Amino acid sequence: MEPKMRIVTGIMQFTSWSFATMLYSGWAYLIREWRWLQTFVSLPTLIMMPLLFTIDESPRWLAVVGQHQRALKVLRRAAKLNKVTLPPDQDLLAIMKIIQEQEQEVSKSVMDKLQNVAHEVLLLFSGHKIRLITFVMTLDFCIVGMLFFGLTMGANTLGVNLFIYVAISGTVEIPARIILLPITKWLGRKRTVIISYFITAVVLLTQPCIPEDLKVLSIVLIMIGKMMSTCAFTSIDVYITELIPTEVRSQGLGLTMAGSRLGAFIAPFLISAVEETYPWLMSVVFGLSALVACVALIPLWETENIRLPDTLADLDSLHTGTDSETNIQPNEEIRC
């Protein structure tokens with residue numbers, strides 16, 4: 001996507017997730033046997049499979065792996081749909097060749113040692129910047145996964161109706177994603193994620209201090225925490241795609257998403273362990289975790305209005321000192 005549309009598309013694609021969470025509580029209410037529930041809600045995914053064949057491969061990735069003619073075909077189709085004129089084919093092919101040579105130059109010494117899948121994973125730890133991105137993003141995705149799904153499933157710690165609680169938790173995600181659009185354009189990617197984590201930490205650490213007779217206030221604070229964890233999850237998902245170079249983007253996204261699944265896996269066990277004896281501990285653990293995720297992001301840099309790195313060499317040469325030195329003009333056209 002071109003820069004001005006990345007954040008809009010990245011955020012709005014998750015709106016359907018919110019509606020699905022609301023619907024899920026209704027289906028769960030009607031279908032109490034979990035095996036049938038899981039089967040029923042999984043069947044619609046079959047409808048999506050044919051649609052995958054209508055989506056083009058990323059021309060950036062095709063250029064990096066040497067499939068230049070395929071990349072050229074995708075670019076021509078994109079230019080036709082968007083009614084723009086591409087540079088001559090020779091110029092585009094020359095740029096693609098340079099990108100491919102940069103990728104080969106970076107990975108040649110490693111490829112001589114490792115000729116298997118492990119090589120691609122090791123690339124995520126091959127340089128200072130990519131290593132920093134990998135560690136910070138894996139940690140933050142693990143924490144945001146734990147927060148997002150833990151707060152969705154935390155009804156028992158508050159003693160409220162599970163089905164209504166899940167429906168409300170899905171409902172609050174919608175305004176969270178709507179307000180995220182202007183906030184991200186105003187503050188940028190990095191600040192938006194940090195502020196989302198920070199507010200999540202504040203409200204969750206405040207919730208255990210609320211008297212038991214003010215249960216409504218406790219639920220409101222938890223729902224604010226769910227809103228802000230939604231903001232964090234959505235904005236960090238856009239942020240990471242702009243941080244990781246095309247060359248290792250699939251591997252990086254795979255590793256960090258595995259981190260979020262680990263966090264989602266931990267959440268129900270944590271809730272089960274504390275809900276009977278120390279129900280307030282869920283908010284404390286989640287709040288402190290959000291604070292850790294907030295601080296961990298500080299060494300990273302802003303990605304708004306900067307060129308996406310295609311290779312690890314591009315990432316290493318990227319100057320990340322100040323926003324003014326990395327930003328480009330908002331109206332500048334960015335092409336392959």
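**Charged pairs up close**

Mentor: Start with aspartate 310. Its relative accessible area is 10%, so aspartate 310 is buried. Keep in mind that this is a predicted model. Aspartate 310 has a partner, arginine 60, and their side chains meet in a salt bridge, 2.8 Å from N to O. Where do the two residues sit? Arginine 60 is in helix H5, residues 59-64. Aspartate 310 is in the loop between helix H16 (281-296) and helix H17 (312-317). The pair therefore ties together parts that are 250 residues apart in sequence. Now check the cover on the arginine. Arginine 60 has 22% relative accessibility, so it counts as partly exposed. The cut-off for buried is under 20%.

Why can such pairs form at all? Side chains of opposite charge can pair when their charged atoms come close.

Next, look at helix H12, which spans residues 173-187. Glutamate 173 forms a salt bridge with arginine 177. Their closest N and O atoms are 2.9 Å apart. Both residues are in helix H12, four residues apart, so about one helical turn separates them.

Now move to another pair, glutamate 242 and arginine 189. Their side chains meet in a salt bridge, with 2.9 Å from N to O. Glutamate 242 belongs to helix H14, residues 215-243. Arginine 189 belongs to helix H13, residues 189-206. The pair therefore ties together parts that are 53 residues apart in sequence. Glutamate 242 is buried, with a relative accessible area of 1%. Arginine 189 is buried as well, with 4%.

Some salt bridges share partners. Glu173, Arg177 and Lys226 are joined this way into one network.

Last, turn to the cysteines. How many disulfides does the structure hold? It holds zero. Cysteine 231 counts as buried, because its relative accessibility is 3%. Cysteine 294 is buried too, with a relative accessible area of 9%.

Conventions
Residues numbered from 1 in each chain as written. Predicted model: local features only at pLDDT ≥ 70, side-chain atom pairs only at ≥ 80, totals over all residues. Heavy atoms only, no water. Salt bridge = Lys/Arg side-chain N within 4 Å of Asp/Glu carboxyl O. Helix = DSSP H or I, 4+ residues; strand = E, 2+ residues; numbered from the N terminus. Buried < 20%, exposed > 50% of the residue type's maximum accessible area, 1.4 Å probe, protein only. Disulfide = S-S within 2.5 Å.
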